[in-house]
Amino acid sequence: MMAAVLYTLAGAAAEQGDASIDFLLFGPLRIDIDHSSVTASMRPLTDDEHKTMFTKLSAYLGSNLVQLIDRPDEPYVFRLHRDRVYYVSEPIMKQALSISRPNLMSLGTCMGKFSKTGKFRLHVTALDWLGKYAKYKVWIKPNGEMPFLYGNHVVKAHLGRITEDTPEHQGVVIYSMADVPLGFGVTARSTVDTRKLDPTSIIVFNQADVGEYLRDEDTLF
């Protein structure tokens, strides 16, 4: 049965000062399929799982989160497989239904993983989408790229630019000065406070970076 799911994200929006996200209407996220096949390979997210994931994504995308759902090209869906959430086009998802669970390694883009306690953690593999629709951005100088890609936080001395009016404790995407997404994190201070800091002060806490493809290649996928 076709169904639409309504999620209230007013709490997350209020924390970001983004009044435009009173709610998001997502749907249809379920389609008429053989549910025995889904059980064997992958399944749609539950309402609670959707809400948890969308709240996490909205911390980085703000109102741009709707761009992941309301696409002009073709419908995309979120599917859960082995505790990981995949963002995949509906045609590819339908083809993947014929693959048994042991043989299906991944599909589409892995956005993150649910822990055993139900918390959702974004993975660096979601960076392409975060980088495309991020609301707040930080650019780091060339001499700051290598430290960041080794998993370190961003310090004031390595700051190139930052989006104006970025709040404290805000999700941001980190770019090189050439606009290449390098990772994402959470601001330690607001844009205004950052200007007052000394060069060694942390301005962004590293949450994920593309260096993980080498450091964590055995566990990332």
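## The sheet and its helix

Phe114 stands opposite Phe120 in strand 7, strands being DSSP runs of E with at least two residues and helices DSSP runs of H or I with at least four, both numbered from the N terminus. Strand 6 (residues 109-114) pairs with strand 7 in the antiparallel sense over three bridges, where pairing requires that DSSP finds at least two bridges between two strands. Helix 3 (residues 47-61) packs on the sheet and touches strand 3, strand 4 (76-81), strand 5 (84-89), strand 6 and strand 7, while its direction makes about 35° with that of strand 7. Such angles run from 0 to 180 degrees between N-to-C directions, with axes fitted as lines to C-alpha atoms, for helices over the stretch in contact.

The open sheet has five strands in the order 3-4-5-6-7, with antiparallel pairing. Strand 3 (43-44) and strand 7 (120-122) stand at its edges, and because each has a single partner strand, one side of each is left without a neighbour in the sheet.

## Basis of the model

This is a predicted model, in which local features need pLDDT of at least 70 and side-chain atom pairs count only at pLDDT 80 or more, whereas totals for chains, interfaces and linings use all residues. Residues are numbered from 1 along each chain as its sequence is written, and side-chain values use heavy atoms, with hydrogens and water left out.

## Two buried loop residues

Thr166 lies in the loop between strand 10 (159-162) and strand 11 (171-176), and it counts as buried because its relative accessibility is 1%; buried means under 20% relative accessible area, exposed over 50%, and partly exposed in between, with a 1.4 Å probe and protein chains only. The side chain of Thr166 reaches the backbone oxygen of Thr163 at 2.6 Å. Leaving aside neighbours within four places in sequence, Thr166 is in contact (heavy atoms within 4.5 Å) with Tyr136, Val172, Thr187, Ser190 and Thr191.

Ser201 is placed in the loop between helix 7 (191-194) and strand 13 (202-209), and at 17% relative accessibility Ser201 also counts as buried. A polar contact of 3.1 Å joins the side chains of Ser201 and Asp198; the term denotes a pair of N or O atoms within 3.5 Å, of which, within protein, one must be able to donate a hydrogen and the other to accept it, and residues adjacent in sequence count only if both atoms are side-chain atoms.

## Confidence

The protein chain has a mean pLDDT of 83, with 81% of its residues reaching 70 or more, pLDDT being the predictor's confidence in each residue, from 0 to 100.
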